[in-house]
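Dear colleague,

Please find below the structure that I am handing over to you.

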Amino acid sequence: MSILNDISSWLQQGRAPKVKACVQQALDEGIPAGEILEKGLLDGMGIIGQKFRNNEVFVPEVLIAARAMSKGVEVLRPHLVEDGVEEKGTVVLGTVKGDLHDIGKNLVRMMMEGKGLKVIDLGVDVPVEKFLDAARENDAKLICCSALLTTTMGEMRSVVEAVEASELKGKVSIMIGGAPVTQSFCDQIGASRYTADAATAAEVALELCTA
């Protein structure tokens with residue numbers, strides 16, 4: 001369907017006004033909201049994610065595409081609710097306590113939203129208990145912790161230990177990431193998954209939320 005291809009194409013180019021107009025046109029043509037989301041917006045964002053992983057596009061292009069996607073979703077959201085289209089799962093995301101870096105975290109959020117996930121972004125300098133409270137309140141299946149400083153990586157261990165000691169054990173997975181974080185650190189602290197980049201984080205999050 002050409003209008004859906006147009007949505008995907010304009011989104012990849014980051015042309016927010018065009019995306020909004022095409023989403024409205026698709027709705028006017030009677031295309032179901034869920035189909036516009038999947039085959040237009042999410043398709044376009046998926047291609048951007050793939051290109052980002054292959055170093056064919058970079059952070060600025062991803063941010064512009066994500067902005068275009070969010071403008072399209074604004075038009076679509078009331079219709080998604082009417083059609084009973086549900087999000088594919090809820091993720092709690094934040095940069096751990098003591099760390100104020102958020103560029104990587106924001107990129108991960110956009111990639112996850114591009115997979116149709118609902119993301120509760122707690123921001124930066126997030127204490128352990130706040131991650132757990134947000135997971136409880138939003139019935140999240142996944143907590144994602146980001147850190148850029150080696151000095152704050154220990155906070156990730158605290159989040160894992162707190163989840164293990166709570167009623168969330170076995171119900172909520174924990175994914176970690178950030179420049180100094182490695183697979184061996186993930187194994188050491190007992191986190192569920194480690195991912196090295198935003199595109200992979202989004203794919204793994206979708207997998208964990210729909211398992």
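A crossing of two helices is called left-handed if the near helix is turned anticlockwise from the far one by less than a right angle, and right-handed if clockwise. Helices (H or I, at least four residues) and strands (E, at least two) are DSSP runs, numbered from the N terminus. By the handedness rule, helix 5 and helix 9 make a right-handed crossing.

Please note that this is a predicted model, in which local features need pLDDT of at least 70 and side-chain atom pairs count only at pLDDT 80 or more, while totals for chains, interfaces and linings use all residues. Residues are numbered from 1 along each chain as its sequence is written, and side-chain values use heavy atoms, with hydrogens and water left out.

Helix packing

Axes are lines fitted to C-alpha atoms, for helices over the stretch in contact, and angles run from 0 to 180 degrees between N-to-C directions. The axes of helix 5 and helix 9 (residues 198-210) are 8 Å apart, and the two helices pack at an angle of about 45 degrees. Helix 5 is therefore oblique to helix 9; angles under 35 degrees count as roughly parallel, over 145 as roughly antiparallel, 65 to 115 as roughly perpendicular and the rest as oblique. Contact means heavy atoms within 4.5 Å. Helix 5 contributes Leu-107, Val-108, Met-111 and Met-112, which meet Ala-198, Ala-199, Ala-201, Ala-202 and Ala-205 of helix 9. This contact of helix 5 with helix 9 consists of nine nonpolar, no polar and no charged residues. In this classification Ala, Val, Leu, Ile, Met, Phe, Trp, Tyr, Cys and Pro count as nonpolar, Asp, Glu, Lys and Arg as charged, and the others, Gly among them, as polar.

Helix 5 (residues 103-113) also packs with helix 4 (residues 59-82), at an angle of about 45 degrees and with axes 10 Å apart. Helix 4 is therefore oblique to helix 5. Here the crossing is left-handed. From helix 4, Val-59, Val-62, Leu-63, Ala-66 and Met-69 meet Leu-107, Met-110, Met-111 and Glu-113 of helix 5. The residues of this contact comprise eight nonpolar, no polar and one charged.

A further pair is helix 1 (residues 2-13) and helix 3, whose axes come within 8 Å and cross at roughly 35 degrees. Their crossing is right-handed. Among the residues making the contact are Leu-4, Ile-7 and Leu-11 of helix 1 and Ile-36, Leu-41, Ile-47 and Ile-48 of helix 3. By class, the contact of helix 1 with helix 3 has eight nonpolar, four polar and four charged residues.

Salt bridges

Side chains of opposite charge can pair when their charged atoms come close. A salt bridge is defined here as a side-chain nitrogen of Lys or Arg within 4 Å of a carboxyl oxygen of Asp or Glu, and by this rule the count comes to 12.

Which residues does the network of salt bridges link? The linked residues are Lys-105, Arg-109, Glu-113 and Asp-121. Lys-105 pairs with Asp-121, with the closest N and O atoms 2.9 Å apart. Because Lys-105 lies in helix 5 and Asp-121 in strand 2 (residues 118-121), the pair ties together parts that are 16 residues apart in sequence. Lys-105 is buried, at 3% relative accessibility, whereas Asp-121 is partly exposed, at 28% relative accessible area; buried means under 20% relative accessible area, exposed over 50%, and partly exposed in between (1.4 Å probe, protein chains only). Arg-109 and Glu-113 form a salt bridge with an N to O distance of 3.9 Å. Both lie in helix 5, four residues apart, about one turn of the helix.

In helix 4, Lys-71 and Glu-74 are three residues apart, or about one helical turn. Their salt bridge has its closest N and O atoms 3.9 Å apart.

Two individual residues

Ala-33 lies in helix 3 (residues 33-53) and is buried, at 1% relative accessibility. Ala-33 and Asp-83 are 50 residues apart in sequence, yet their C-alpha atoms are 7.1 Å apart in space.

Thr-195 sits in the loop between strand 5 (193-194) and helix 9. Thr-195 is also buried, at 8% relative accessibility. Beyond its neighbours within four places in sequence, Thr-195 contacts Met-175, Ile-176, Gly-177, Thr-200, Ala-201 and Val-204.

With kind regards
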